[in-house]
Amino acid sequence: MELEQQKAQKILRPTAVNIKKAASVMRSGGLVIFPTDTVYGIGCDAFNVNAVKKIFLAKKRKENKALPILIANIKQLEILVKEIPPLAKELIKKYWPGQLTIVFYKNKKVSSEVTANSDKVAVRWPKNRIATDLIKELQLPIIGTSANLSGQNSILTVNDIPESLLDSVDLILDGGTLKSFGVSSTIIDVTSNPPQILREGAVNLKDEI
C-alpha cells in the first residue's frame, strides 16, 4: 500500500504550480511523463546527457535509435540546428505548432547520445498546452519520446503507462485521456534532396513535396 501511495504521489494535475515542479525535476536531471498532442511522452532536459541516458534505460530503447526533441518557439529551434531550409520554413509556418516532426542537420550543442551519432536531429513544436508550458517553464528544449517501452503500443492515458516506466520517472503530469487515437506525428527529413517522408502520420504531406 505504501508503494502504491508513493506512485500516486508522482501523478499530478497539470496546474501551473505542478508544471513548475516538473520543470524543476527536469532542471535537476530527472524524468517527467507528460501529455502531447499525439501521445504521452517521456522527457528530460535535451542538453543533459545523463538524463538522456536514463530515458534509454527506462524505455529499454536501443542506443542506436535517435530521440526527438520538442520545442516551444523558433528561438529554441535555432539553437539546435545548423540551418532552417526554405521548405522547412514553409512547413513550420503551415503546421507548427502541430503534429509534424522535421529532421534537420544538428549543430554541436546537440549531443551524439540524442541523435545516435547521426548528424541530424528530429524536432517538433507540439500544440498541447501542457507540453508547451513545460518547455517554456524550463526555458530549454526537451526530449519528447513516447512514454512506452520500446516496441510497445503508444500511451493515451496515464493508467496505461507500464509499471516499470512509472518506477523510472520522477513525476507525471496527468492530462487525462488523449484524443489523438494514438496517431503519431508525421516525420519529414528536409536535409535530403528531394525531402523524404520517413513516417506517415497525422499530417498528410504528399502534396507538399
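Modeller: Start with contacts across the chain. Beyond its neighbours within four places in sequence, Leu-205 is in contact with Leu-91, Tyr-95, Leu-100, Thr-186, Ile-188 and Ile-197. Keep in mind that this is a predicted model.

Colleague: Is Leu-205 buried or exposed?

Modeller: Buried means under 20% relative accessible area. Leu-205 has 0%, so this residue is buried. Leu-205 sits in the segment after E11.

Colleague: Now helices. Why do residues three or four places apart point the same way?

Modeller: Take helix H3, residues 49–59. Its buried residues are Ala-51, Val-52, Ile-55, Phe-56, Ala-58 and Lys-59. Down the axis of H3 they fall within an arc of 165 degrees, so they line one face of the helix.

Colleague: Which exposed residues does the face of H3 turned away from its buried side carry?

Modeller: Asn-50 and Leu-57.

Colleague: What covers the buried residues of H3?

Modeller: The cover includes strands E3, E7 and E8, along with helices H6 and H8.

Colleague: And the ends of H3?

Modeller: For a cap, look for a side-chain atom facing a backbone nitrogen. Asn-48 caps the N-terminal end of H3, with a side-chain oxygen 3.2 Å from the backbone nitrogen of Asn-50. Just after H3, Lys-60 takes a positive phi of about 55 degrees.

Colleague: Where does Ser-192 lie?

Modeller: In the loop between strands E10 and E11. A polar atom of its side chain lies 2.9 Å from the backbone oxygen of Pro-194. The backbone nitrogen of Gln-196 is 3.3 Å from a polar atom of the Ser-192 side chain.

Key. Residues numbered from 1 in each chain as written. Predicted model: local features only at pLDDT ≥ 70, side-chain atom pairs only at ≥ 80, totals over all residues. Heavy atoms only, no water. Buried < 20%, exposed > 50% of the residue type's maximum accessible area, 1.4 Å probe, protein only. Helix = DSSP H or I, 4+ residues; strand = E, 2+ residues; numbered from the N terminus. Arc of directions from axis to C-beta. Contact = heavy atoms within 4.5 Å. Polar contact = N/O pair within 3.5 Å; in protein donor to acceptor, adjacent residues only side chain to side chain.
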